[in-house]
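Here is my notebook from a first look at a new structure. I wrote down each thing as I looked it up.

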Amino acid sequence: MTVNLKDRLALVTGASRGIGRAVALGLAAAGAHVILVARTVGALEDVDDEIQKLGGSATLVPLDLTDYEGLDRLGATLFERWGKLDILVGNAGILGPLTPIGHVSPKEWDEVFAVNVTANFRLIRSLDPLLRRSDAGRAIFVTSGAAQKCRPYWGAYSTTKAAMEAMVKTWAHETTKTDLRVNMLSPGPIATKMRAKAMPGEDQALLATPADLVPLFLQLASADLTAHGETFAFQRK
């Protein structure tokens, strides 16, 4: 299935590496202008260079997602420049400590919630009006099977992903009668730095790559999409 995103405006968080980088490249290759959001300027410039080699275009936004006022300014800036947003990919997230839940420090707990839950809430709050102004707004959030599996020692990550899922599903129910389509994507085991940190003894050569996810992201970003409020699990072919 070929997805044409010519003249669409897409924003990707965590765009400097891993899944975010792969999705940003895929969106650009499909014709979208991509707003790249991540903390590291140099890494964003590297992704921008790759997008230009593909003949695509991007706007770089060096921003820590826990800078909530910065997220508010981002929404205002997008409105002033483009008046809308067509595609939001909420990809950025952190693993947090893998330890018994009673051993997680309050500071660590708050940090994982700040990135995995509150930052996405602030994104929704800032960008919902812009997505509604699109003729086919699409929002895709990256979730995890950890939200349901609740494995030992994964308490902070599992809890935040479950909270994010509840928030995104609520937003989907609230936007049913609009042109906006809100969904989630669960990648499963993917060869990323986060996965390597969580599973240090695993052979990543046996895993799917971030690039393998791109066709599913493009499908969820398509103006033809009808699915809403659903979670799509990536199935490796």
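**Entry 1: what I am looking at**

I am working with a predicted model, where local features need pLDDT of at least 70, side-chain atom pairs count only at pLDDT 80 or more, and totals for chains, interfaces and linings use all residues. I count residues from 1 along each chain as its sequence is written, and side-chain values use heavy atoms, with hydrogens and water left out.

**Entry 2: the whole protein**

I looked up the secondary structure and found eight helices and seven strands. The radius of gyration is 17 Å, close to the 18 Å that the globule rule gives for 237 residues, so the protein is as compact as a globular protein of that length. For my own reference, this radius is taken over C-alpha atoms, and the globule rule is 2.2 Å times the number of residues to the power 0.38. Helices (H or I, at least four residues) and strands (E, at least two) are DSSP runs, numbered from the N terminus.

I then checked the extent of the C-alpha trace, which spans about 50 × 35 × 35 Å along its principal axes. Buried residues make up 52% of the 237; buried means under 20% relative accessible area, exposed over 50%, and partly exposed in between, with a 1.4 Å probe and protein chains only. The protein exposes about 11,400 Å², and carbon and sulfur atoms supply 52% of that area. Such areas come from the Shrake-Rupley method with a 1.4 Å probe, and for residues only the protein chains shown count as cover.

A contact means heavy atoms within 4.5 Å.

**Entry 3: the largest pocket**

Rolling a probe the size of a water molecule over the atoms shows where empty space is left. On a 1 Å grid over the protein atoms alone, a cavity is a set of points where a 1.4 Å probe fits but cannot get out, while a pocket is an open set with protein on both sides within 12 Å along at least five of seven lines; lining residues have an atom within 4 Å of a point.

I read a volume of about 1,300 Å³ for the largest pocket. Grid points are joined across faces, edges and corners, and a volume is the space filled by probe spheres set on the points.

Which residues lie nearest the centre of the largest pocket? I found Asn91, Gly93, Ile94, Leu95 and Met194, out of 44 lining residues. Several elements each supply at least two lining residues, among them H1 (18-29), E2 (33-38) and H4 (106-132). The largest share, five residues, comes from H7. By class I noted 18 nonpolar, 16 polar and 10 charged residues in this lining. Here Ala, Val, Leu, Ile, Met, Phe, Trp, Tyr, Cys and Pro count as nonpolar, Asp, Glu, Lys and Arg as charged, and the others, Gly among them, as polar.

**Entry 4: the second largest pocket**

This one holds about 280 Å³ of space. I counted 11 lining residues, with Asp212, Pro215, Leu216, Gln219 and Lys237 nearest the centre. Helix H8 (residues 210-221) gives the largest share, five residues.

**Entry 5: strand E1**

I looked at Ala10 in strand E1, which is buried at 0% relative accessible area. Ala10 and His33 are 23 residues apart in sequence, yet their C-alpha atoms are 6.2 Å apart. Beyond its neighbours within four places, Ala10 contacts residues including Leu27, Val34 and Ile87.

Leu11, also in E1, counts as buried at 0%. Its contacts beyond four places include Ile35, Leu74 and Leu127.

Is Ser158 buried or exposed? Ser158 sits in helix H6, and I found it buried, at 5%. It touches Ala146, Ala147, Cys150 and Arg151, leaving out residues up to four places away.

Ser144 lies in the loop between E5 (138-142) and H5 and is buried at 14%. The C-alpha atoms of Ser144 and Gly188, 44 residues apart in sequence, are 6.8 Å apart in space.

**Entry 6: backbone angles**

Most residues other than glycine have a negative phi, and most peptide bonds are trans. I noted a positive phi of about 70° at Asp7, which is exposed at 60%. Tyr153, in the loop between H5 and H6, has a positive phi of about 80°.
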